[in-house]
Amino acid sequence: APESRIDLHGMTLQQAHPELIGFILRTHAAGYRLVLVITGKGKPARDVDIIPRRTGVLKHKVPQWLRLAPVSSCVLEIVEAHLNHGGGGAFYVYLRRKR
């Protein structure tokens with residue numbers, strides 16, 4: 001079971017990025033090993049364009065952010081969450097042991 005969680009659902013990229021980074025750094029410092037990051041699944045596209053638009057921007061950005069400094073050294077693995085914890089709209093983030 002996740003030891004802590006953060007819900008980024010409904011936040012903008014500018015709001016979510018520092019929240020996520022701070023959360024990962026704090027939980028890693030506290031010695032947690034498994035946390036839940038809720039992103040939401042994103043809204044389906046309303047109209048059909050010639051150029052497809054990506055939905056679920058946070059869902060796509062969060063794994064990218066977790067692979068970058070300063071948190072990449074804290075993150076061991078990122079896995080889509082079980083349905084009970086949000087399924088495709090959430091990730092389990094396994095954190096490395098504190099050194």
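# Briefing: a predicted chain of two helices and four strands

Val93 counts as buried, because its relative accessibility is 0%. This residue is found in strand β4, and β4 is mostly covered, with five of its six residues buried. The model is predicted. From the N terminus on, its elements run β-α-β-α-β-β. The points below start with the chain as a whole, then go through the sheet, the nonpolar cores and individual residues.

**The chain as a whole**

- The protein chain has two helices and four strands.
- Of the 99 residues in the chain, 35% are buried.
- The accessible surface comes to about 6,500 Å², and carbon and sulfur atoms account for 53% of that surface.
- Among contacts with a separation of 6 or more, 59% are between residues 24 or more positions apart.

**The sheet**

- The four strands form an open sheet in the order β1-β2-β4-β3, with mixed pairing.
- Its edge strands are β1 (4-7) and β3 (75-80), each of which pairs on one side only.
- Neighbouring strands of this sheet are turned against each other by 20 degrees on average, direction ignored.
- Helix α2 packs on the sheet and touches β2, β3 and β4; the direction of α2 makes about 10 degrees with that of β4.
- Strands of a sheet pair through backbone hydrogen bonds, in a parallel or an antiparallel sense.
- β4 pairs with β3 in the antiparallel sense over five bridges, and the pairing of β4 with β2 is also antiparallel over five bridges.
- Leu34 stands opposite Tyr94 in β4.

**The nonpolar cores**

- The largest nonpolar core has 19 residues. The members that touch the most other members are Leu8, Leu20, Ile24, Val37, Val62, Leu66 and Val93.
- Helix α1, strand β2 (34-38), helix α2 and strand β4 (90-95) each supply at least two residues of this core.
- The contribution of α1 is the greatest, at five residues.
- A second, separate core has six residues, including Leu36, Ala81, Ala90 and Tyr92.
- Val62 is in contact with Leu8, Leu20, Val37, Thr39 and Phe91, leaving aside its neighbours within four places in sequence.

- Not counting residues up to four places away in sequence, Val93 touches Ile24, Arg33, Leu34, Val35, Val37, Leu66, Val75 and Glu77.
- Val93 and Arg5 are 88 residues apart along the chain, and their C-alpha atoms are separated by 9.7 Å.

**Leu66 in helix α2**

- Leu66 is found in helix α2, which covers residues 57-66.
- With a relative accessible area of 1%, Leu66 is buried, because the limit for that class is under 20%.
- Beyond its neighbours within four places in sequence, Leu66 is in contact with Leu20, Ile24, Val71, Ser72, Val75, Ile78 and Val93.
- Leu66 and His17 lie 49 residues apart in sequence, with a C-alpha to C-alpha distance of 9.8 Å.

**His28 in helix α1**

- His28 has its place in helix α1 (residues 13-29).
- His28 counts as buried, because its relative accessibility is 14% and the cut-off is under 20%.
- The side chain of His28 reaches the backbone oxygen of Arg96 at 3.3 Å.
- Apart from residues up to four places away in sequence, His28 touches Cys74, Leu95, Arg96, Arg97 and Lys98.

**A cis peptide bond**

- Most peptide bonds are trans.
- The bond that joins Ala69 and Pro70 is a cis peptide bond, with omega at about 10 degrees.
- Pro70 has its place in the loop between α2 and β3.

How values were computed: Residues are numbered from 1 along each chain as its sequence is written. This is a predicted model: local features need pLDDT of at least 70, side-chain atom pairs count only at pLDDT 80 or more; totals for chains, interfaces and linings use all residues. Side-chain values use heavy atoms; hydrogens and water are left out. Buried means under 20% relative accessible area, exposed over 50%, partly exposed in between (1.4 Å probe, protein chains only). A polar contact is a pair of N or O atoms within 3.5 Å; within protein, one must be able to donate a hydrogen and the other to accept it, and residues adjacent in sequence count only if both atoms are side-chain atoms. Contact means heavy atoms within 4.5 Å. A nonpolar core is a set of buried Ala, Val, Leu, Ile, Met, Phe, Trp, Tyr and Cys residues joined through side-chain atoms within 4.5 Å. Two strands pair if DSSP finds at least two bridges between them. Axes are lines fitted to C-alpha atoms, for helices over the stretch in contact, and angles run from 0 to 180 degrees between N-to-C directions. Accessible areas come from the Shrake-Rupley method with a 1.4 Å probe; for residues, only the protein chains shown count as cover.
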